[in-house]
Amino acid sequence: MKRRLIMVLALGMLGAGAASARADEGDPDMQGPPTRPAVRSGWTAGIAVGPGELHVIPDDSDKEPADEGPAFSVRLGVAVSQSFLVMGLTEFVEGSSGSNALYGGAIQFYLSERMFVRAGGGLTRYTRGGSSSDPDMPASSKSYLGVGAMGGVGGEWLQLQDLGLTVEMMFMANRPDLPEGAKGTIVNGSIMLGIQWF
């Protein structure tokens, strides 16, 4: 189900890109807005989804195998200028045996008309799933709070005046309040396709 969601989103973005490109070339059979640089002002909102990895790096032992799963990012904020956004965000990776999420804020700075960098931080929640050999007995899970930082790069590969379709490579690291003997760092990595409205 999660892979289907990612595929539908990716195909929808590719279709929108092709349609806008044809409109921009003046195709008389194609109706739609031409592509043009985004006008970044006022409120902004965005969402992105794609594949991600969650890594647990204990302080006293070797790194655990990567836990793969879908990654999500949801943002709401203000475009302070054409090249600077301030946003509240939620970003997380949902693995098969746990999840790691950040709830906080970020700034996004455009290095050029299309390319940007994003950095932020906030409260984090790492959830580790339990194990159960009985299929009728759901596995228990425990959550651990902490603080963390995130950052990454991205680009708007298709722009309309009031939105951009993005590709984003994001990373997050945090140190949750794990029990003694299990202290460590949790690291997320993701590559996502998204939409940013202005």
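## The largest cavity

A71, F72, E91, F92, V93, M170, F171, M172, N188, G189, S190 and M192 line the largest cavity of this predicted model. The elements that contribute two or more residues to this lining are β2 (67-81), β3 (84-94), β7 (163-174) and β8 (184-197). β8 gives the most, with 4 residues. Helices (H or I, at least four residues) and strands (E, at least two) are DSSP runs, numbered from the N terminus. By class, the lining has 8 nonpolar, 3 polar and 1 charged residues. Here Ala, Val, Leu, Ile, Met, Phe, Trp, Tyr, Cys and Pro count as nonpolar, Asp, Glu, Lys and Arg as charged, and the others, Gly among them, as polar.

The structure holds 1 cavity of 30 Å³ or more, and about 60 Å³ of space lies in the largest cavity. A cavity is a set of points, on a 1 Å grid over the protein atoms alone, where a 1.4 Å probe fits but cannot get out; lining residues have an atom within 4 Å of a point. Grid points are joined across faces, edges and corners, and the volume is the space filled by probe spheres set on the points.

## Basis of the model

Residues are numbered from 1 along each chain as its sequence is written, and side-chain values use heavy atoms, with hydrogens and water left out. Because the model is predicted, local features need pLDDT of at least 70 and side-chain atom pairs count only at pLDDT 80 or more, whereas totals for chains, interfaces and linings use all residues.

## Overall architecture

The protein contains 1 helix and 8 strands, and from the N terminus on its elements run α-β-β-β-β-β-β-β-β. Of the 198 residues, 38% are buried, where buried means under 20% relative accessible area, exposed over 50%, and partly exposed in between (1.4 Å probe, protein chains only). Among contacts between residues at least 6 apart in sequence, 59% join residues at least 24 apart; a contact means heavy atoms within 4.5 Å.

## Pairing of the strands

Two strands pair if DSSP finds at least two bridges between them. Strand β1 (residues 42-58) is joined to β2 by 13 bridges, and the two run antiparallel; A45 stands opposite L76 in β2. The antiparallel strands β2 and β3 share 10 bridges, and a hairpin of 2 residues joins them. The lining residue A71 has V93 in β3 as its bridge partner.

Strand β6 (residues 141-160) is joined to β7 by 12 bridges in an antiparallel arrangement, with a hairpin through 2 residues between them. Q159 stands opposite G164 in β7. β7 and β8 are likewise antiparallel, joined by 12 bridges, and M172 stands opposite N188 in β8.

## Two buried residues

S190 lies in strand β8 and lines the largest cavity. S190 counts as buried because its relative accessibility is 8%. Leaving aside neighbours within four places in sequence, S190 is in contact with P51, G52, A71, E168, M169 and M170.

Y126 is found in strand β5 (residues 115-129) and is buried, with a relative accessible area of 2%. With neighbours within four places in sequence left aside, Y126 is in contact with L54, V56, S99, N100, K142, S143, Y144, P176, L178 and I186. The C-alpha atoms of Y126 and G98 are separated by 7.5 Å, although these residues are 28 residues apart along the chain.

Technical notes:
On a 1 Å grid over the protein atoms alone, a cavity is a set of points where a 1.4 Å probe fits but cannot get out, and a pocket is an open set with protein on both sides within 12 Å along at least five of seven lines; lining residues have an atom within 4 Å of a point.
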